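Please walk me through this structure in the viewer, one selection at a time. I would like to know what to select next and what is there.

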Amino acid sequence: MLSRTALSRQAASLRRSSLFAQRFASTKSLRDTLQEVIPVKQEQLRKLKSEHGQTVVGDVKVDNIIGGMRGLKAMLWEASVLDPIEGIRFHGLSIPDCQKVLPAAPGGKEIIPESMLWLLLTGQVPTPEQTQALSRELAEKGDLPKFVEQLIDSFPRTLHPMTQLGMAVAALNHDSSFQAAYERGMKKPEYWTHTLEDCINLIARLPALAARIYRNVYNPGTELATIDKNLDLVGNYSNMLGYGDNHSLTEYLRLYIALHGDHEGGNASAHTAHLVNSTLSDPYLSYSAALFALAGPLHGLANQEVLRWQLAMQKELGDNITHEDIKAYLWKTLKSGQVVPGYGHGVLRNPDPRFIALQEFCDSRPELKGSPIIDLVNKTFQVAPDVLKEHGKTKNPYPNVDATSGMFSFVEFKYYTVIFGVSRALGALTQLVWARALGLPLERPKSMSMDALEKFIKNQ
Ligand SMILES: CC(=O)SCCNC(=O)CCNC(=O)[C@H](O)C(C)(C)COP(=O)(O)OP(=O)(O)OC[C@H]1O[C@@H](n2cnc3c(N)ncnc32)[C@H](O)[C@@H]1OP(=O)(O)O
Ligand SMILES: O=C([O-])CC(=O)C(=O)O
């Protein structure tokens with residue numbers, strides 16, 4: 001056990017080093033690593049509270065209250081911070097940094113969700129051995145309870161895949177370690193360990209859930225592959241989707257799922273998980289709620305909308321679509337009062353580096369050269385920002401991550417957000433572990449009516 005002074009020193013050194021993630025890699029297990037890291041963070045929080053609890057971080061304007069709290073610094077989120085120009089950093093590491101240091105799957109080159117999850121949870125870059133141990137644990141825990149398989153199989157094929165995913169995730173709370181321990185009277189210091197168990201079990205089971213939904217909706221009656229204990233999470237997911245022999249698609253999914261994992265705390269899905277879990281609702285119920293936030297077209301469902309919009313453009317304009325054709329189609333979309341899906345962002349004011357990384361992946365693959373849909377995504381990127389600037393409404397005329405939809409040969413557009421849902425668990429669930437480890441309270445901001453606001457302004 002480190003003394004308080006030693007913990008403070010360690011916390012300060014962690015903060016000073018933007019490369020702290022690389023410096024602390026070890027051979028420890030995930031749980032042992034967390035046991036080591038958590039007291040340091042607890043001490044950092046204690047000091048922040050006791051020494052700076054009254055420091056003013058910003059003003060609250062009427063615009064913030066009526067403008068979806070945009071720009072308000074009002075929640076604690078450990079794993080990542082978003083800069084409007086640079087984009088996301090995970091514990092200080094940018095996407096290119098992560099691409100350099102995070103282990104890939106054996107035989108692959110792309111970041112895998114396991115190495116991203118380790119980084120998000122611990123702030124440390126795992127070794128390939130640590131990553132593989134986590135892959136193995138997830139594969140061992142990946143099978144679904146029979147009643148959940150039956151539940152999914154009972155859904156009509158026409159029920160949106162995101163509705164199916166959210167319901168199935170909620171049902172997994174039947175086996176919640178947190179809920180069972182709470183009923184037994186667990187004490188606060190134990191909250192995070194049971195939260196972690198639920199989070200790991202849930203991440204492990206998401207591929208089987210998501211693949212079963214895909215099979216039932218798009219290929220009913222076909223066999224589902226069983227989980228291979230020697231494969232990584234996405235290797236198994238891709239197998240169960242029926243694409244296991246497509247190395248390019250599997251690698252794309254690895255990168256896609258790793259990169260969509262976390263986008264600081266204010267986005268609607270992550271924030272929902274955090275809010276719901278602050279009531280001590282278990283991680284399954286919390287993440288189920290998050291999935292229903294992700295299922296909105298201004299958030300995760302935008303990836304479905306992008307592909308739908310692009311397929312409609314292709315259908316209307318035929319082959320050999322020119323920049324001028326796309327411009328005209330963009331104006332038609334805008335003049336009909338619709339948003340251009342995949343463009344704009346609540347925080348970002350530059351092209352999303354996740355979009356750039358996924359685009360670079362496609363550019364680097366000879367087998368994807370000449371794909372009409374990839375060509376359309378690229379051409380749209382070349383003209384849409386200028387059209388949106390001229391339109392003059394959106395604060396960010398650049399592509400967000402969802403603009404990449406359709407970059408692969410997957411055309412079942414209603415399924416796209418489910419893949420996002422498999423991914424967002426990494427960051428949203430990480431924060432639940434941290435929130436419980438740090439003893440964060442029930443989230444309960446103050447709301448005001450317009451009358452109350454006017455009265456307040458009058459009395460100023
Ligand atoms: C993973 C993700 O969640 S990334 C985001 C995915 N969503 C999309 O791609 C949907 C398209 N984009 C949008 O609707 C928006 O840009 C959002 C929801 C992402 C961000 O919303 P905001 O922060 O409110 O954006 P902003 O402040 O720029 O909005 C100002 C105006 O521009 C409009 N606008 C913003 N983006 C777009 C767009 N892509 N196309 C057309 N109009 C847009 C807004 O609708 C708003 O119009 P209003 O004044 O009539 O209400
Ligand atoms: O940050 C946001 O508001 C939306 C987003 O890009 C994400 O959640 O990945």
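This is a predicted model: local features need pLDDT of at least 70, side-chain atom pairs count only at pLDDT 80 or more; totals for chains, interfaces and linings use all residues.

Residues are numbered from 1 along each chain as its sequence is written, and chains are lettered from A and ligands numbered from 1 in the order in which they are written.

**Domains.** Colour 135–298 + 412–438 as domain 1 and 301–403 as domain 2; these bounds come from an automatic or database domain assignment. The centres of the two domains, taken over C-alpha atoms, are 28 Å apart.

**Where the domains touch.** Here 15 residues of domain 1 are in contact with 14 residues of domain 2 (C-beta atoms, placed from the backbone, within 7 Å). On the domain 1 side, select helix H13 (247–259) and helix H20 (416–437), each of which supplies at least two residues. Helices (H or I, at least four residues) and strands (E, at least two) are DSSP runs, numbered from the N terminus. H13 gives the most to this side, with five residues. By type, the side of domain 1 that touches domain 2 has 10 nonpolar residues, four polar and one charged. Ala, Val, Leu, Ile, Met, Phe, Trp, Tyr, Cys and Pro count as nonpolar, Asp, Glu, Lys and Arg as charged, and the others, Gly among them, as polar.

**Glutamate 316.** Next, select helix H16 (residues 302–317), which holds glutamate 316. Glutamate 316 is exposed because it has 11 other C-beta atoms within 10 Å (20 or more is buried, 12 or fewer exposed, in between partly exposed, with C-beta atoms placed from the backbone).

**Two positive phi angles.** Go to histidine 91, in the loop between strand S2 (87–90) and helix H5 (95–101). Its phi is near 45°, a positive value in a residue other than glycine. Histidine 91 is buried, with 23 other C-beta atoms within 10 Å. Then select leucine 280, in the loop between helix H14 (268–277) and helix H15 (283–294). Leucine 280 is not a glycine either, yet has a positive phi of about 70°. It counts as partly exposed, with 14 C-beta neighbours inside 10 Å.

**Ligand 2.** Finally, which residues are around ligand 2? They are His263, Asn267, Gly346, Val347, Asn400 and Val401 (C-beta atom, placed from the backbone, within 6 Å). This shell has two nonpolar residues, four polar and no charged.

Methods. Two residues are in contact if their C-beta atoms, placed from the backbone, lie within 7 Å.
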